[in-house]
Amino acid sequence: MRFVGHLDIMRFFQKVMRKSNLPIKYSEGFSPHQIMSFAAPLGLGIEGLGEYMDIELYDEACAGLKSDEAVKILNENMCEGMEVLSFRQLKGPKKNAMSSVGLADYILLFNLSGINDEDNIQSNFSENDFRKYPELLMSNESLLIEKKSKDKVKVLDIMPFIRHIEYTRNTVVNKKSFYGDMIFMNITQGSTDNLKPELVLQALKKYGSMPDIKCSIIRTELYDEGHRSLEDYGEDIT
Amino acid sequence: MRKLALSDKQLLSVEKPARYIGGEMNSACKELHSDIIRFVMCFPDVYEIGMSHIGIQILYDMFNKRNDVFCERLFSPWVDLDRLLRKENIPLFSLESQQPVKEADFLGITLQYEMCYTNILQILDLSGIPIHSCERTDDMPIVIGGGPCSYNPEPLADFFDIFYIGEGEVRYDELFELYKKCKKLKIARGDFLRLASHIEGMYVPCLYEVQYDNDGIISSFKPVFDDVPEIVKRQIVTDMDKVHFINKPVVPFIKVTQDRVVLELMRGCIRGCRFCQAGFVYRPLREHSVEYLKNYALTMLEITGAQEISLSSLSSSDYSGLSQLLEFLIEYTGKHNINISLPSLRIDSFSLDIMKRVQDIKKSSLTFAPEAGTQRLRDVINKGITQEDIIGGAMQAFKGGWNKVKLYFMLGLPTENEDDIKGIPLLCEKLAEKYYEIPKDERNGKVQITASSSFFVPKPFTPFQWSSMLKREQYLERAYLVKDTLKEQLNKKSIKYQYHDAEVTVLEGVFARGDRKVCAVIEEAYRLGALYDSWSDMFDNDIWMRAFKNTGVDYEFYTLRERKVDEVLPWDFIDIGVDKSFLKREWEAACKDKVSPNCRQACLACGARKFNSGVCCGH
């Protein structure tokens, strides 16, 4: 799924909504579209374990619909590699997911042989090596990184956007286990100070003396600016 | 989780990696083992185009219903992946199993348009399969072709082991059974192909020998063995309501060209427009019943979650249950926020009324296909539409609020003269004048007329199969004449004009009616770097001109020559069901500017009656 772009993921979910027959609201006009928005687009090649989207439903038509039932129906219409984990109601002042996002957790996973395989860890590097890279990185005063956009190259100091970064090992996120060495980070995300995890990876190589080791990038959770998980914005319908 | 053939790094280095990963909703997933027939189904263009094709979906679904067949998909790798595969020596792989194509039992390639021919060689080359049929060994897949271009397969004869002539639903089971038997008995490739040629509709090119006279015209075309049939018969579905019904359509992740449910109303066409190959090679017209289509539409919309449904046929207005079907669909789609698209509808009060209900008039445009600029030439091509039909239809539309009109024409039709060419801008001018006759407060701003012309390419199995084409410069002169005449007209600002590429037209002409000598040209052009020739930014005419020169093949032999009616044509060995004598009568009628009635008005005894189906039986 991580090779499917953001717009295509949206189209995929529109189809899932139709198939699930949830009473989702549509815009007016000759080509009505579903009222649906994603918290933060996920970069191509990055896996997401805690993604959020908002949808609007017709009140009357979904009376009596419970969270666990909705999750079940949606997952019956899903495909391999995509799963709905929760379905919650937003209460209080209306603020959509996209404008709420401020921070995100990512992990850089160095064990690429398969998620549940404990044996096959890239063995040329010791735990101490991995521990060293983020420490070295954060000992710098600034982290100047070249950011390439369409035709311009901009130099950017990414230090202020990294809230936390550290080495970790063997962890469980959203019921999924990850084994081996990894680097965990909490960085700014959203419409104002969006930091791409690829740039942190670049900085780890430039300032943290990390060699060019293969790794996969996984986004594990999204928060608002005050580090409150988006999950906590909603309430289960029971 | 499936293991992908490419690494993350490789995938992220190419454009749209989701083209190559498979795993879409409803895609097949079977275990490969020695008892399963692995059939790789290929559309030789990019994923987005190939996945829009309903034929592939029908056969994919049908094959995968069999427990002993695993049908997978394959599309052309874009040039970025092409480079990567060559550089890193990675064999081309199918989407589902991500395993090398070379290890499959069959490689089926659909031939939808002529300009994809070099892409076929790319597929074979990247798979590590010799491009010549005769060089393949027993462990390699059987390469089988089908689709509209297989009605003249000769320019590809060297590259394919079998061509399947006709509709795929009919004979594949028989072919699979034969294959299984031969595999069990370890029968050699050559012997399997010979046995396959006994199945109706299977053309095995290596079992036929062609001889030419001094002028390069075919003097004889014969099978090399007595048991191989001289004539290959086109296979058709005779009962449209019993035909295989897709119920597991693959739903792509990425946006494909036709991201909608396609509802095939019928096959064939009653019209008999003389330029149109589909109008002859898909005879007779065979309709699905309204009940079948309702059921199909609902099932497909529910399974795919699609946002749009489109009606598909050669001329949807001729579908006898159209109003009944549309009433049903409009009600259902309205309730479920689904769009309907209605291509190939004749513009009349019925269709305008329907369109008003399902489209935004301000945004949508109306399409007319007069094909020719004068009534005389429209009669020559037997396009059953008059100037009054066009103007009357457009006026109704203008009064209904439309102000955008698209008009399709062809240039270079047989017998075309200066009046016919100038007739194109004149007809456009006439429509603009008529628009401005409507009082200002009753019309919707300015009128926008877009005329486009393609250059006519004569196709096999049409009454124009004997006709000559023009030189590239002559095509352009005709397009310039249209353009210049438009510029001199009063309403020039309301009319836009576009025309197709003349160089591509000449090549299409060579491939459409070429013989086996053309194989060498395609191979040479591929070696010189031709690929994705149907993409205008990729097409390089110089390569093709060099390929003709290097192989000593004169392309004007195929384009500029009017064939004699008794000449042996490269595709004469195929029996499409319509008789050559009928095509000849129609060719003669065309030369006398005479129209012929359509199949519902009168039977002209074209020969399709022998299928005993559809409109020939009064349905």
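This is a short tour of a two-chain structure, stop by stop, for you to follow in your viewer.

Before you start, note that the model is predicted: local features need pLDDT of at least 70, side-chain atom pairs count only at pLDDT 80 or more, and totals for chains, interfaces and linings use all residues. Residues are numbered from 1 along each chain as its sequence is written, while chains are lettered from A and ligands numbered from 1 in the order in which they are written.

**Stop 1: the sheet in chain A**

Select β2, β10, β5, β9 and β8 of chain A. These five strands form an open sheet in that order, with mixed pairing. Helices (H or I, at least four residues) and strands (E, at least two) are DSSP runs, numbered from the N terminus, and two strands pair if DSSP finds at least two bridges between them. At the edges, pairing on one side only, are β2 (47-48) and β8 (162-173) of chain A.

Zoom in on β2(A). Its partner is β10(A) (residues 216-224), in the parallel sense and over two bridges. Here Gly48(A) stands opposite Arg219(A).

Helix α4(A) (residues 127-138) lies across β8(A) and β9(A) (176-188), at about 160 degrees to β8(A). Helix α5(A) (residues 197-207) lies across β5, β8, β9 and β10 of chain A, at about 100 degrees to β9(A). For these angles, axes are lines fitted to C-alpha atoms, for helices over the stretch in contact, and angles run from 0 to 180 degrees between N-to-C directions.

**Stop 2: where the chains meet**

Show both chains together. The contact takes 20 residues from chain A and 22 from chain B; two residues are in contact if their C-beta atoms, placed from the backbone, lie within 7 Å. On the chain A side, the largest share, eight residues, comes from helix α1(A) (residues 6-20).

**Stop 3: a β-α-β unit in chain B**

Strand β17(B), helix α15(B) (residues 472-487) and strand β18(B) make a right-handed β-α-β unit; right-handed means that, with the strands pointing away from the viewer, the path from the first strand over the helix to the second runs clockwise. β17(B) (residues 448-455) and β18(B) pair in the parallel sense over five bridges, and Thr450(B) stands opposite Lys496(B).

**Stop 4**

Most residues other than glycine have a negative phi, and most peptide bonds are trans. Select Arg283(B) and Pro284(B): a cis peptide bond joins them, with omega about -10 degrees. Pro284(B) lies in the loop between α8 (278-281) and β12 (286-287) of chain B.

Move on to Asn382(B), which has a positive phi of about 60 degrees although it is not a glycine. Its loop runs between α12 (375-380) and α13 (387-399) of chain B. Asn382(B) is buried, with 22 other C-beta atoms within 10 Å.

Finish at Thr415(B), where phi is near 70 degrees. Thr415(B) counts as partly exposed, with 15 C-beta neighbours inside 10 Å.

Methods
Buried ≥ 20, exposed ≤ 12 C-beta atoms within 10 Å, placed from the backbone.
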